[in-house]
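Here's a quick tour for anyone meeting this structure for the first time. Have the sequence and the 3D view open as you read.

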Amino acid sequence: MTHLRRSFFITKTLKPWLLRLTGKAGWATTLHALPGGIAPASHKTLSLQQKIIRMPSGELGLPAQLILPLRQHLGPDSVPVVSVGDYVYKNQLIAAANGEKGVGLHAPSSGYISSISYALLPTNETHDPERSWQQALNRHQTAIVIDTDGKHAIQPGLLAANSDWRVRSPDELRQAVFDAGICGMGGAGFPTAIKLGASAIKTLIINGAECEPFITADEALMREHAAEVIEGALIIQRICGAQSCVIGIEADKYQAIDAIQSVINQLMTELKPANAGQAALSLTLIPSIYPSGGEKQLIRIMTGIEVVSGKRPVDVGVLCHSVATARAVYKAVIAGEPLTSRITTLTGHALKTAVNVEVMIGTPVSHLLDFAGVQHAKLQRVLVGGPLMGYEAPDLDTPVLKTSNCLLAGSERDIAAVVTQSKPHRDCIRCDFCATVCPVKLQPQTLYFAARHQHHDASVEQGLFDCIECGACAVVCPSHIPLVNYYREEKAVIRTDNDTAQQAYWQSLFEKHQQRLSVNAIDQQQRKLDKLQHKLETIAVGEPLTKTALTKTPVPPVVAPTASKSAEQIKQEIEAAVARARARKAELQNKTDATQDADE
Amino acid sequence: MNNISHKVSSPFLKPVFSVPGVMATVLLALLPAAICYTWFFGAGFLINLLITSTLGLLLEALVMRARGKPVLFYLSDLSILVTAALLSFALPPGSPWWIAASGIFIACVFGKHVFGGLGHNVFNPAALAYVSLLILFPLQMTGWYLPGSGSYAEAPIDPLSADGIYTSLQLSFPWLRDFALTPFPVRPDGFATATPLIEYKFAAPARILMAESDGFTLWEREARTGWEMVSVSFALGGLFLLWRGVISWHIPFTVVVVVFVLASLFYQPGQEAIFGSPWLHLFSTSTLIGAFFIATDPASSPSSALGKLIYGALIGIAMYSIRIWGSYLDSVALAILAVNMCSPLIDQLTARTPLGHPSRIKRWLTAWKKAA
Ligand code: SF4
Ligand code: SF4
């Protein structure tokens with residue numbers, strides 16, 4: 001029997017304080033308790049038994065196809081610079097960044113471009129029948145598909161970068177990051193180069209918290225590549241000019257902490273005589289409570305700064321990057337390698353082996369699941385990301401993206417069974433369990449009423465857009481209300497309502513469509529008129545006239561049926577029809593004119 | 001290729017709690033008090049509980065049917081059982097059956113469904129029913145007829161013996177007397193007093209001290225410490241709820257502290273008869289069931305921590321004031337009903353500030369400046 005933990009006082013405050021008193025290394029000098037939070041079963045040991053398996057290797061081969069969507073980041077889609085049939089080498093640029101705010105895309109392996117077409121992407125949008133047309137547009141992204149040739153060939157003549165980054169200027173380094181097509185690898189995929197361009201950064205926080213259950217990609221990375229992460233952090237620090245750099249890790253990741261700490265110690269002893277300024281690099285342990293790894297949450301825990309609603313952390317002089325991004329920066333600067341692979345956790349109780357893999361971006365999910373031995377009988381859903389903030393893979397050919405840190409093949413033990421959707425939820429009993437766990441100090445129950453009844457002003461006022469969609473409230477709600485779904489829907493409605501440009505666009509599409517319809521109708525009447533006119537003319541010339549003669553497919557002229565009407569009768573009928581058609585056309589014309597007038 | 005449905009979005013983690021689970025926890029927390037109550041005051045409580053629960057379930061089903069909602073789905077939330085149990089604690093054991101029946105009717109229909117069902121009720125249904133009964137049937141609600149009532153009875157009957165239970169049944173269903181071989185006298189030769197729920201307003205024997213000086217242990221019926229022991233078991237149940245996280249500490253804590261502080265302020269040794277000692281206020285009355293079980297009803301109490309503190313303090317003040325200066329028969333239920341009405345306003349004024357928003361004081365200041 002579980003019980004609701006209303007206070008994490010011991011974990012959040014007392015224990016850190018006591019440990020600090022006893023002089024235990026790593027606990028921050030000032031630790032600010034995060035409100036709320038939950039402590040779900042972590043299931044992390046599942047995927048930490050083995051070391052990271054690299055692709056391609058004996059165990060894990062290259063997939064036959066790599067699917068690379070043009071939008072894996074926040075911002076404008078990348079622009080393809082290759083065409084179907086081209087041969088591309090590994091690390092070759094295949095889609096260029098669309099302007100300053102874009103992110104480039106590189107080939108993870110060598111092969112031929114087999115198509116540039118639509119692919120289905122996982123997105124975190126709720127199913128909303130009224131907006132399905134928008135979602136259809138969002139879900140289907142253009143993707144470049146590479147048929148791999150297995151050679152993994154690097155373009156001949158590609159030079160390795162200058163490895164001594166300490167002599168290169170920050171701008172040069174930032175350019176290197178931009179060229180490598182790096183975007184935030186923890187969640188939203190914000191272009192890293194833009195983030196690094198911010199000025200007046202005081203503190204750099206490297207996020208190694210990884211608080212969601214099941215995911216261990218960052219932990220495995222720190223455990224095995226601590227030196228690269230630290231070096232990457234130092235490069236980032238040089239680019240953004242932060243005075244101090246703090247790495248935040250959840251206190252129960254012992255091996256990762258040891259690895260990082262030993263690298264830092266080593267660095268300190270090396271650097272001390274030469275460069276004392278670089279010494280502002282430290283490790284901070286944070287209590288393991290979900291969701292301490294959220295950007296604003298981590299900043300609050302480690303610095304005590306509350307990022308003002310609607311602002312970004314850079315506005316208060318704090319920059320936050322994940323450890324995976326730090327390592328990507330390291331690889332880009334030291335080895336000149338673009339971002340073409342990432343560490344992803346394959347986990348869940350529907351897999352035979354749970355393990356961390358370093359995979360090519362674009363690898364289909366099915367390839368990885370086959371490798372990990374998926375048991376379809378147990379499988380409920382495949383999630384991209386963790387069980388709390390991840391989203392469902394729309395199908396098993398979905399590729400791994402730059403932001404996919406975990407593939408969770410969930411059995412019934414791990415996640416809610418698929419049938420829960422059709423189950424009605426109970427009414428809110430106002431138990432305030434949700435408010436107790438909300439890390440943003442929202443009141444999810446009142447927000448729920450506002451969102452559900454689409455009281456837009458009330459929702460916004462109550463902080464709808466401060467909700468980080470962490471899902472803690474929905475997990476503890478005894479009425480099983482899908483709270484986050486309601487919030488997401490409300491956010492989407494408000495965003496579309498506010499987005500006048502978007503609205504104008506849809507409006508113009510709609511108007512064009514209407515216009516086309518009316519033009520078609522007028523044309524139709526015109527055609528009818530023409531036809532009738534033609535008929536009249538034929539009668540005038542006195543050709544034998546039957547109904548069949550007037551049909552579109554001419555049949556051999558037949559002898560006029562005995563029951564045929566007289567030419568005069570037919571002529572009258574046709575004239576009446578002409579009058580009708582004229583009237584209809586005029587009516588339509590008037591209507592169109594009227595709408596156009598109204599528009600003007 | 002396996003196509004997987006994508007209708008649901010995150011979180012995908014299984015929900016941890018359920019409404020039936022929460023309600024069952026509350027029922028479990030009431031168990032020690034129920035045992036204690038039956039031990040001291042006889043089977044009358046169980047009879048009331050039986051009547052209220054069965055009738056409650058029936059009524060709930062009917063109302064749900066009438067409202068066109070799935071009956072079983074809503075019955076299975078067990079909330080009506082919690083209401084029934086709380087109401088049964090408030091009814092005097094030995095009151096006729098129709099008291100319990102009309103009580104649960106009022107609670108279910110006027111306390112709950114008139115407002116829209118569980119979670120929408122403005123008043124606590126059990127408290128509303130109890131106060132209505134007090135007004136409607138003051139006579140039946142104030143007499144306590146106990147089968148065996150310690151030293152008062154000529155020939156004490158053990159309330160839990162067969163005789164005692166039979167007497168209790170006769171009390172609840174008066175027509176049983178017509179069939180009885182040895183009919184129970186109409187005016188029970190038992191023990192009639194103001195119910196402990198209706199406080200001993202001006203007479204306050206220091207029962208525990210007395211019991212001890214008389215050489216009784218507190219759990220003996222003859223010690224006449226029944227209501228104190230029931231209060232203690234309510235407190236135990238309340239602590240259990242706190243530990244499970246079903247209720248937060250704010251409301252019970254402030255209610256108890258405010259009542260205790262007020263009682264200590266006004267109490268002068270020697271004036272038990274007028275103000276009652278603080279211990280009397282806490283343990284010899286229904287303060288504790290009110291603080292832990294009725295005031296904490298989530299639907300009718302505010303949701304923010306600050307709001308809860310204010311709400312609890314108001315209840316404490318109202319309880320003490322009504323008890324000492326008011327002329328109503330009961331204070332706890334009335335105090336809670338009165339403050340229930342303030343709850344939406346408190347909620348509005350104390351809505352907590354999300355992180356990253358200006359604090360409440362800052363908001364007030366800017367509003368003030370704008371107005372000036
Ligand atoms: S939304 Fe759920 S958790 Fe929140 S108060 Fe309502 S029932 Fe409780
Ligand atoms: S999903 Fe939003 S409302 Fe719910 S707990 Fe997280 S931040 Fe709070």
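Start with strand β17 (residues 406-411) of chain A: 6 of its 6 residues are buried, so the strand is largely enclosed by the rest of the structure. "Buried" here stands for under 20% relative accessible area, "exposed" for over 50%, and "partly exposed" for in between (1.4 Å probe, protein chains only). Strands (E, at least two residues) and helices (H or I, at least four) are DSSP runs, numbered from the N terminus.

Keep in mind that this is a predicted model, where local features need pLDDT of at least 70, side-chain atom pairs count only at pLDDT 80 or more, and totals for chains, interfaces and linings use all residues. Residues are numbered from 1 along each chain as its sequence is written, chains are lettered from A and ligands numbered from 1 in the order in which they are written, and side-chain values use heavy atoms, leaving out hydrogens and water.

**Around strand β17 of chain A**

- A:Cys406, A:Leu408 and A:Gly410 point one way from β17(A), while A:Leu407, A:Ala409 and A:Ser411 point the other way, and all are buried.
- Strand β13 (residues 341-347) of chain A runs parallel to β17(A), joined to it by 3 bridges; two strands pair if DSSP finds at least two bridges between them.
- In that pairing, A:Leu346 stands opposite A:Leu407.
- Strand β15 (residues 379-384) of chain A runs antiparallel to β17(A), with 5 bridges joining them.
- There, A:Leu383 has A:Leu408 of β17(A) as its bridge partner.

**Helices of chain B**

- Helix α1 (residues 19-41) of chain B has 23 residues, which should span 33 Å at 1.5 Å a residue, and its end C-alpha atoms are 32 Å apart, which agrees. The expected span is 1.5 Å times one less than the number of residues.
- α1(B) has a kink of about 35 degrees at B:Leu31, shortly before the proline B:Pro32. The bend at a residue is the angle between axes fitted to the seven residues ending there and the seven starting there.
- After α1(B) comes B:Gly42, with a positive phi near 90 degrees.
- α2(B) is followed by B:Gly68, whose phi is positive, near 70 degrees.

**A nonpolar patch on chain B**

- B:Trp249, B:Phe253, B:Val257, B:Val261, B:Leu265, B:Phe266 and B:Trp325 make a nonpolar surface patch of about 720 Å². Patches are made of residues with over 30% relative accessible area and no salt bridge: like charges are joined within 9 Å, nonpolar side chains (Val, Leu, Ile, Met, Phe, Trp, Tyr) within 5 Å. Areas come from the Shrake-Rupley method with a 1.4 Å probe; for residues, only the protein chains shown count as cover.
- Helix α12 (residues 250-266) of chain B gives the largest share of the patch, 5 residues.
- B:Phe266 lies in that helix and is partly exposed, at 31% relative accessible area.

- A:Tyr290 and A:Pro291 are joined by a cis peptide bond, with omega about 0 degrees. A:Pro291 sits in the loop between β11 (281-286) and α8 (295-303).
- A:His43 has a positive phi near 55 degrees without being a glycine; look for A:His43 in the loop between α1 (9-21) and β1 (53-54).
- A:His480, not a glycine either, has a positive phi of about 55 degrees, and its loop runs between α14 (472-476) and α15 (483-498).

**Salt bridges**

- How many salt bridges does the structure hold over all chains? There are 20, each one a side-chain nitrogen of Lys or Arg within 4 Å of a carboxyl oxygen of Asp or Glu.
- A:Arg166 and A:Glu231 form one of them (4.0 Å, N to O). This pair links distant parts of the chain, 65 residues apart.
- B:Lys308 and A:Asp432 form another (2.0 Å, N to O). The pair crosses between chains, from helix α16 (residues 305-325) of chain B to the loop between β17 and α11 (433-437) of chain A, and B:Lys308 and A:Asp432 are both buried.
- A:Arg54, A:Glu228, A:Arg327, A:Lys331 and A:Glu358 are joined into one network by salt bridges that share partners.
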